[in-house]
Amino acid sequence: MKKGYEAVIIGGGIVGCATAFELAKRGVTDILLLEKGFLTSGATGRCGAGIRQQWGSELNARLALESTQIFEQLEEYTGYPRSCELHQGGYLLAAYSEKEWAQFQENLKVQHALGIDARAVDLAEAREIVPILNTEGMYGATFCQKDGHANPFHCTQAYAQGAQRMGGNRSLHRRYRLSDQEWPYCRSGNHKGLCREQSGHQLRQHQSA
Ligand SMILES: Cc1cc2nc3c(=O)[nH]c(=O)nc-3n(C[C@H](O)[C@H](O)[C@H](O)COP(=O)(O)OP(=O)(O)OC[C@H]3O[C@@H](n4cnc5c(N)ncnc54)[C@H](O)[C@@H]3O)c2cc1C
């Protein structure tokens, strides 16, 4: 292993891989990505991968809007040859109290100011959108067709492989524990082979095994 890198990223989840990609896109390709398990072995590989723009704070809503725009063309953006399986089936958010319904209306103002295409729907339309929905006790709902979900494994791979390509396949996806203390097998000698530096190619083989 080299002694220094332009950037060292700890964690091969969606955040680490997206960070690697965005750095590589900006010309920083001498990157070491440290992952103690395998790409997506953390929260990313366990998440529902819901992507929604219906937030109440401007910061969250803006972040979600811009993220959605990236997810809508992630394959093209990263050069990923497969589909990231974005499905924009819409999120229907239901309010079950007057207070919650008032908050939803405030949220819509924040969303509309940013150009997010969310809207209030009455109970009849809520039932049309989700036919099995029991609207008893509901005050109203908001709906955004562009909300949905994607495949977290493909999204992470899209970023990881995109970053790797931009680095000339040299710099990314080496798999280490940060220290022996964090990996008891290293000390006991078991699985010692996995401690060694792996090339991106070897890691891909490992992941697909
Ligand atoms: C059940 C569930 C449902 C969720 N649903 C949604 C949802 O619908 N929509 C949404 O946007 N978000 C959702 N989330 C949140 C989302 O999964 C996380 O915000 C996101 O995955 C965080 O990505 P990350 O890369 O920061 O973390 P992670 O994916 O956890 O990546 C961190 C990586 O770091 C590695 N690591 C940790 N310590 C070390 C170390 N010392 N050395 C080397 N590597 C290390 C881990 O192995 C891991 O792979 C959900 C989360 C869960 C658990």
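Of the 15 residues of helix α6, 12 are buried, so α6 is largely enclosed by the rest of the structure. Buried means that 20 or more other C-beta atoms, placed from the backbone, lie within 10 Å of the residue's own. Helices are DSSP runs of H or I with at least four residues, strands are runs of E with at least two, and both are numbered from the N terminus.

This is a predicted model: local features need pLDDT of at least 70, side-chain atom pairs count only at pLDDT 80 or more, and totals for chains, interfaces and linings use all residues. Residues are numbered from 1 along each chain as its sequence is written.

Helix α6 covers residues 152-166. From first C-alpha to last, α6 reaches 21 Å, close to the 21 Å expected. That expected span is 1.5 Å times one less than the number of residues. Its buried residues include Pro152, Cys155, Tyr159 and Met166.

Now the sheet. Three strands form an open, antiparallel sheet in the order β4-β6-β5. Strands pair if DSSP finds at least two bridges between them. β4 (91-95) and β5 (118-121) stand at the edges with a single partner strand each, so one side of each has no neighbour in the sheet. The twist averages 25 degrees from one strand to the next, taken between N-to-C directions of axes fitted to C-alpha atoms, on a scale from 0 to 180 degrees. Four bridges join β5 to β6 (residues 140-144). Val121 stands opposite Ala141 in β6.

Finally, confidence. The protein averages a pLDDT (the predictor's confidence in each residue, from 0 to 100) of 83, and 79% of the residues score at least 70. Over residues 176-209 the pLDDT is below 50.

Definitions and conventions. Contact = placed C-beta atoms within 7 Å.
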